[in-house]
Amino acid sequence: MLTEPATPVKDAYVLGHSEKEIERLQKQNNFLQVFTWHCFQEAGIKPGMKVLEAGCGGGDVALILAEMVGPEGQVVGVDLNPQALEAARQKVAAAGHNNIIFKQGDLQDIVLDTDFDAVVGRLVLFHLKEPANILRHLLDCLKPGGLVAFQDYNLLAARAYPIVPLFEQTLGRIIKAFRQAGADPEIGLKLNEIFRQAGLPGPTMRCEASVSAGPEWDGYEQLALVTRTLLPFMQKVGLATAEEVEVDTLADRLRAELIEKGGVGHGPDVISAWSHKPA
Ligand SMILES: C[S@@+](CC[C@H](N)C(=O)[O-])C[C@H]1O[C@@H](n2cnc3c(N)ncnc32)[C@H](O)[C@@H]1O
């Protein structure tokens, strides 16, 4: 049974931080990391920089930044969630980087140093109720002329070609669940607006996406893993039941459906935007 609740539920961070969700973020990073490298490289992350990462989650972006800024640079990752930060600290220790530190706090009121060369974030504005206000607050941490670079999804760009029912249904449920939770599935397209509202010059923007005709495409597993994470919320708000979703077999059924049609899977658009704090 699919019913739309009347009002969005806007309380907690809808994806949570179970061990499985932290694993999902890592798998998501496997296909996103190349896009994130492109964004940071073109935006101008350089050796020696001191970079603030907003909403660092399990630390995958911080690891990319640590490589880019090198031993002379420093990365500070901030997240609300202590379990995510613990996973991030373990990952960084295993990778042997000593130029990353993590701090727990809420981006809307955290007080940090004011000498950062750059503030960046991936898939974090998506979840914020007032992204422009939070971005304006984060600008206080930046030196004049400092770099601001954010990357986020347009989930509405994800699709299968040709259109196939299970893919449509699965993506549709995910988009509805995010909307009901107060997250914005089209946030990537709004980065220009958000940057300007925060007082920044209009950003340079880029877009990339994961596209594949093969059975190995990571999109099938990602759709299933996001559904798994969102399932308790979907059940709570009446979007779907566990029996309707059959999450354990979902990735295989999505793959079989599209491969049988000789189709192509297109992931969400990953939209990058960067600009500089006025000097
Ligand atoms: C989808 S995850 C992305 C994690 C990481 N940036 C990545 O790309 O792998 C979003 C992260 O933002 C964090 N977050 C959401 N709202 C926050 C807030 N108000 N303050 C700090 N962190 C927040 C969540 O705890 C979560 O770890």
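Me: At what angle do helix α5 and helix α9 pack?
Reply: Quick caveat before that: this is a predicted model, where local features need pLDDT of at least 70, side-chain atom pairs count only at pLDDT 80 or more, and totals for chains, interfaces and linings use all residues. Residues are numbered from 1 along each chain as its sequence is written. Helices (H or I, at least four residues) and strands (E, at least two) are DSSP runs, numbered from the N terminus. Axes are lines fitted to C-alpha atoms, for helices over the stretch in contact, and angles run from 0 to 180 degrees between N-to-C directions. Here, α5 (residues 165–180) and α9 (residues 247–260) pack at about 135°, with axes 8 Å apart. That makes α5 oblique to α9; under 35 degrees counts as roughly parallel, over 145 as roughly antiparallel, 65 to 115 as roughly perpendicular, and the rest as oblique.

Me: Which residues in α5 and α9 meet?
Reply: Contact means that C-beta atoms, placed from the backbone, lie within 7 Å. From α5 you get Leu 166, Phe 167 and Thr 170, and they meet Leu 250, Arg 253, Leu 254, Glu 257 and Leu 258 in α9. That contact divides into 5 nonpolar, 1 polar and 2 charged residues. For the classes, Ala, Val, Leu, Ile, Met, Phe, Trp, Tyr, Cys and Pro count as nonpolar, Asp, Glu, Lys and Arg as charged, and the others, Gly among them, as polar.

Me: Now the sheet. In what order do the strands run?
Reply: Two strands pair if DSSP finds at least two bridges between them. This open sheet has 7 strands in the order β3-β2-β1-β4-β5-β10-β7, with mixed pairing. Its edge strands, β3 (100–104) and β7 (204–208), each pair on one side only.

Me: What does β4 pair with, and over how many bridges?
Reply: β4 and β5 (residues 142–154) pair in the parallel sense over 6 bridges. On β1 (residues 50–54), 3 bridges join that strand to β4, also parallel.

Me: Is β4 buried or exposed?
Reply: A residue is buried if 20 or more other C-beta atoms lie within 10 Å of its own, exposed if 12 or fewer, and partly exposed in between, with C-beta atoms placed from the backbone. In β4 (residues 116–122), 7 of the 7 residues are buried, so the strand is largely enclosed by the rest of the structure.

Key
Contact = placed C-beta atoms within 7 Å.
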